Amino acid sequence: MILRDSIRARLIGLAALLIGAALVAGYMAIGAILDRFVTDRFDADAEAAADALIAAASIDASGRLVAGGAPIDPRFDMPLSGWFWQLQQDGRVVAKSASLYDNVMSPPASDFVGGQGTGPDGAPLRVLRHEFSLPDSNSTLAVVVTAPRQEIDASLARVRRPLAVSLSVLGVVLALASTLQVAAGLGSLDRLGRDLRAIRAGRADTLPLPRVAELRPLASEINGLIEQNRQVLSRAREHVGNLAHSLKTPLAALDNALPEDDPGRALVARMDRQIGWHLRRARSSGTARALGQRTQVTPVVDDILLVLRGPITESGLQVDLDLPPTLAFAGERQDLEEMIGNLVENAVKWANTRIHITARPEGRDRLFIAIEDDGPGLSAEDHALAMARGGRLDESGPPGSGLGLAIVADLAALHGGALRLERARLGGLAASLILPA
């Protein structure tokens, strides 16, 4: 199955795409918030250090800026730690942190927070610079505090890593939830499909109304179509019966009116056979695979044998049966009676002493029915002629129209099955039906 042709694949794919896009957007949004939070924390540390330096600074008698004391933070004492501070007066550095050693910083002459800079060792820094004023001084005073960018990035990575893992786990859970949701939502369609297959196989007559409200109108429409199909078939049978009556009666009257030796009687008989053929074909075409029909095989065989009990008794035939009691045909009883009846009647005409009727399952959805006799049988070359309409291989044999096997083959084919003619184990003809079960 091509994925783009599957509703399930489309829904799951669309859900995965939307979930993925939402998680990526969420990662970016949450990551930006966390970035701001982490950098604000470092900026707050730098602001606190700057405030402490400004609060402790003073102007001596000569007008020079004097640092009152270093911030109480060991990071400003670690050599080249990236945590630096310095005080400036008129652009000249008058005090600095021990971490700078002999180095000084030269930031731009403006106030900013979170600026980019580089330390003495070339490491990137986040820079804060504030100008301030003190009494008794007209000089430009400034404080500069820096934090190492590498430390900030490491903190951001420690925060982003669990965020990515959490969102990935969330994505997997949401994908599984979407799959289950789609499966649950389409489960009703799957059940509807199984119910339709049950009707097609003859195990049910109508669709049960689904519990899902959205599918109930569809099920009701399908049930309406099935009922309409039955009504159309019923009307077709009535029309066929009416046509048969209207044609058969005049032909019978004409046949009775003709003398026994009149050559027109043969023409009437031929017309009667042709009408019978076409009427039966029309009937079988209209009834093939009627939905919701299922017929037990054993009762049909028993009824046919009951009807043919007279000819069977007169001929002294022995009929052996091997029929599973639960075997069923997925079709109408009338069609099964037509097929088996023709084959059994043919076997009764030609059998010498025995007829064997067997049935068995053939695979998951097929059944096999065979009618064998110990009569003269047919050669392989004559099988095709025997199943042709009106085809008779022995005009001196028992009376008949020559349509029986042709009708059976036609009905079997219309049901998606087949009729096979073979040499029977009893020596005569074995007529085998393969039909839907």
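## Close-up views of a predicted model

Of the protein's 437 residues, 38% count as buried (under 20% relative accessible area; exposed is over 50%, partly exposed in between; 1.4 Å probe, protein chains only). The model is predicted: local features need pLDDT of at least 70, side-chain atom pairs count only at pLDDT 80 or more, and totals for chains, interfaces and linings use all residues. Residues are numbered from 1 along each chain as its sequence is written, and side-chain values use heavy atoms, with hydrogens and water left out.

**Figure 1. Overview of the fold.** The protein has nine helices and 14 strands. These are DSSP runs numbered from the N terminus: helices are H or I with at least four residues, strands are E with at least two. Of the contacts with a separation of 6 or more, 61% join residues 24 or more positions apart. A contact means heavy atoms within 4.5 Å.

**Figure 2. Strand 7 and its two partners.** Strand 7 (141–148) is mostly covered, with eight of its eight residues buried. In a regular strand the side chains alternate between the two faces of the sheet. Here both faces are covered. L141, V143, V145 and A147 are buried on one side; A142, V144, T146 and P148 are buried on the other. Strand 3 (residues 84–89) runs antiparallel to strand 7, joined by six bridges. W85 stands opposite V145. Strand 6 also pairs with strand 7 in the antiparallel sense, over eight bridges. There F132 stands opposite L141. Two strands count as paired if DSSP finds at least two bridges between them.

**Figure 3. Two loop residues with positive phi.** Y101 lies in the loop between strand 4 (92–96) and strand 5 (112–118). Its phi is near 55 degrees, a positive value in a residue other than glycine. Y101 counts as exposed because its relative accessibility is 51%. D136 lies in the loop between strand 6 (124–132) and strand 7 (141–148). The phi of D136 is near 65 degrees, again positive in a residue other than glycine. At 76% relative accessibility, D136 counts as exposed too.

**Figure 4. A177 in helix 2.** A177 sits in helix 2 (residues 149–200). A177 is partly exposed, at a relative accessible area of 39%. A15 is 162 residues away in sequence, yet the two C-alpha atoms are 9.9 Å apart in space.

Figure 5. Strand 9 and strand 11 (residues 354–361) pair in the parallel sense over five bridges. Q318 has R354 of strand 11 as its bridge partner.

Figure 6. The structure holds one cavity of 30 Å³ or more. On a 1 Å grid over the protein atoms alone, a cavity is a set of points where a 1.4 Å probe fits but cannot get out; a pocket is an open set with protein on both sides within 12 Å along at least five of seven lines; lining residues have an atom within 4 Å of a point. The largest cavity has about 40 Å³ of space. A volume is the space filled by probe spheres set on the points, which are joined across faces, edges and corners. Its lining is L343, N346, A347, I371, D373, L405, L429 and A431. Helix 7, strand 12 and strand 14 each give two or more residues to this lining. Helix 7 gives the most, with three. The lining divides into six nonpolar, one polar and one charged residue (nonpolar: Ala, Val, Leu, Ile, Met, Phe, Trp, Tyr, Cys and Pro; charged: Asp, Glu, Lys and Arg; polar: the others, Gly among them).

**Figure 7. The second largest pocket.** Its volume is about 320 Å³. Eleven residues line this pocket; the closest to its centre are R197, A201, R203, D365 and A437. The lining holds three nonpolar, no polar and eight charged residues.
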